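Please keep the sequence and the structure in view while reading.

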Amino acid sequence: NIVFETQDQLEEFALNKYYKIIGNLTVGGVDVTNSESLNTLKFIDGQIHIYGTSLKNLNGFSNMNFSNEGYLSIVNNPYLENIDGLQNISASLLGLDCRLNPMIKNIDGFRNISHVTNMIDISENENLNNLNGLANINQYVKYLTIHENILLTNTAGLANIPKISDFSFVRNHSVISLE
């Protein structure tokens, strides 16, 4: 497992130009401001957690994918504006968690993900206005939580999910219809 709590730790690791991590990758800490130097990583055989950073984008993750079913968590990143760097992730995921990222307007970086077996939680992203990044998910999802995305206007990105066991949709006040 690899944990970066500072930008210096991330930069020092990147000098080795690793292409695969067997284990989890955690990037967390307000000192982490740039992920670009992680661009040599191609595969994660575990989970990716990005939390409490000062990152504005996830461009350093642009070459990454999961070797096996993975788990992706992006939580509490107050400056994160763009997750498009995750667009190469196409593996089946166990879970997808995107919460408390107030600057994100869309989740289009998830657009190549088609299968999440356990849970999706998209909550408390104040400026998120659509779920179009989930439009390619076309398999059964056990738990789907969409909470407190105050500017979310539509749920069209959920249209291809054929079955959900537990759906929680709370305080998304700008959504007029769940069509």
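Is Arg99 buried or exposed, or does Arg99 count as partly exposed? Arg99 counts as partly exposed because its relative accessibility is 26%; buried means under 20% relative accessible area, exposed over 50%, and partly exposed in between, with a 1.4 Å probe and protein chains only. The model is predicted, so local features need pLDDT of at least 70 and side-chain atom pairs count only at pLDDT 80 or more, while totals for chains, interfaces and linings use all residues. Residues are numbered from 1 along each chain as its sequence is written, and side-chain values use heavy atoms, with hydrogens and water left out.

Side chains of opposite charge can pair when their charged atoms come close. The structure holds three salt bridges, each being a side-chain nitrogen of Lys or Arg within 4 Å of a carboxyl oxygen of Asp or Glu. In one of them, Arg99 meets Asp97 at 2.6 Å, N to O. Asp97 is buried, with a relative accessible area of 5%. Arg99 also forms a salt bridge with Asp121, at 3.7 Å, N to O. Asp121 lies in strand E9 (residues 116-123) and Arg99 in strand E8 (residues 93-99), so this pair ties together parts that are 22 residues apart in sequence. Strands are DSSP runs of E with at least two residues, helices are runs of H or I with at least four, and both are numbered from the N terminus. Asp121 is buried as well, at 13% relative accessible area.

A further salt bridge joins the side chains of Glu148 and Arg171 at 2.9 Å, N to O. Glu148 belongs to the loop between E10 and E11 and Arg171 to the segment after E11, so the pair ties together parts that are 23 residues apart in sequence. Glu148 counts as partly exposed at 30% relative accessibility, and Arg171 also counts as partly exposed, at 49%. Through shared partners, salt bridges join Asp97, Arg99 and Asp121 into one network.

The loop between strand E10 (141-147) and strand E11 (164-170) also holds Thr155. Thr155 is buried, with a relative accessible area of 5%. Leaving aside neighbours within four places in sequence, Thr155 is in contact (heavy atoms within 4.5 Å) with Leu131, Phe169, Val175, Ser177, Leu178 and Glu179.

Finally, Glu11 is found in helix H1 (residues 7-14). Glu11 counts as partly exposed because its relative accessibility is 33%.
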